[in-house]
Amino acid sequence: MDFYYYPISAPCRAVLMTAKALGIELNKILTSVFAGDNLKPEFLKINPQHTIPTLVDNGFAIWESRAIMIYLVEKYGKQDDPLYPSCPKKRALINQRLYFDMGTLYKSYADYVYPQFKEKKPADPELLKKIHTALELLNTFLSESKYAAGDNLTLADLALLASVSNIDVYDIDVKKYEHVARWYAMMNETAPGAEENWAGCLERKKVFKP
């Protein structure tokens with residue numbers, strides 16, 4: 001399977017951790033959006049939306065990280081894999097956490113950091129507050145269970161770990177939230193691919209200097 005990615009990208013790292021959890025070897029193809037690799041004609045044929053991560057599995061192309069993660073589990077995971085179990089209620093909770101990550105937590109981070117990097121704008125304290133509001137919500141979720149969507153590691157944890165790591169590497173205090181701190185320490189010690197995830201965060205910090 002060809003995997004077009006850039007290691008500083010949290011969505012890319014979430015897919016890498018999913019593949020690691022499933023024991024899947026990906027043919028990793030470095031694709032730099034800064035160098036315009038994603039705008040080359042050969043890439044546009046694969047993904048006209050020209051986004052990373054993008055996966056090509058025996059001619060089948062799929063993008064959007066959470067869609068890729070679900071696809072990998074459904075095709076290559078165990079029957080009723082705990083990463084994304086078949087129970088509709090368990091899946092619904094995992095999906096909710098994935099959408100929360102995409103639309104609230106990761107979005108709050110992007111809204112805060114990207115203008116500082118791309119437009120050289122000063123840090124907006126109101127946007128920083130939105131990150132902390134999202135972290136407070138995550139803290140509430142994690143007060144109810146060991147992991148983000150129950151008592152087992154799921155895709156929700158891997159996506160959220162990539163996002164929380166991005167926030168942490170910018171010295172935004174994620175550890176002041178009791179349940180986030182407990183979960184984050186556990187994930188950094190036990191999540192498949194956690195070391196590669198953190199290495200990508202450190203590289204991101206070098207590139208995205210506000």
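# Exercises on the core and its helices

The largest nonpolar core has 70 residues, and Leu72, Leu105, Leu138, Leu155, Ile167 and Trp183 have the most contacts inside it. Such a core is a set of buried Ala, Val, Leu, Ile, Met, Phe, Trp, Tyr and Cys residues joined through side-chain atoms within 4.5 Å. Buried means under 20% relative accessible area, exposed over 50%, partly exposed in between (1.4 Å probe, protein chains only).

This is a predicted model: local features need pLDDT of at least 70, side-chain atom pairs count only at pLDDT 80 or more, and totals for chains, interfaces and linings use all residues. Residues are numbered from 1 along each chain as its sequence is written, and side-chain values use heavy atoms, without hydrogens and water.

**Exercise 1.** Find the helix that gives the most to this core.

Solution. Helix H4 (residues 88-118) does, with 11 residues. Helices (H or I, at least four residues) and strands (E, at least two) are DSSP runs, numbered from the N terminus.

**Exercise 2.** List what leucine 105 touches, not counting residues up to four places away in sequence.

Solution. Contact means heavy atoms within 4.5 Å.

**Exercise 3.** Describe how H1 and H3 pack.

Solution. Start with the geometry. The axes of H1 and H3 are 9 Å apart, at an angle of about 10°. H1 is therefore roughly parallel to H3. Axes are lines fitted to C-alpha atoms, for helices over the stretch in contact, and angles run from 0 to 180 degrees between N-to-C directions. Angles under 35 degrees count as roughly parallel, over 145 as roughly antiparallel, 65 to 115 as roughly perpendicular and the rest as oblique.

Next, the residues. From H1, Pro11, Ala14, Val15, Thr18 and Leu22 meet Ser65, Ile68, Met69, Leu72 and Val73 of H3. They divide into eight nonpolar, two polar and no charged. Ala, Val, Leu, Ile, Met, Phe, Trp, Tyr, Cys and Pro count as nonpolar, Asp, Glu, Lys and Arg as charged, and the others, Gly among them, as polar.
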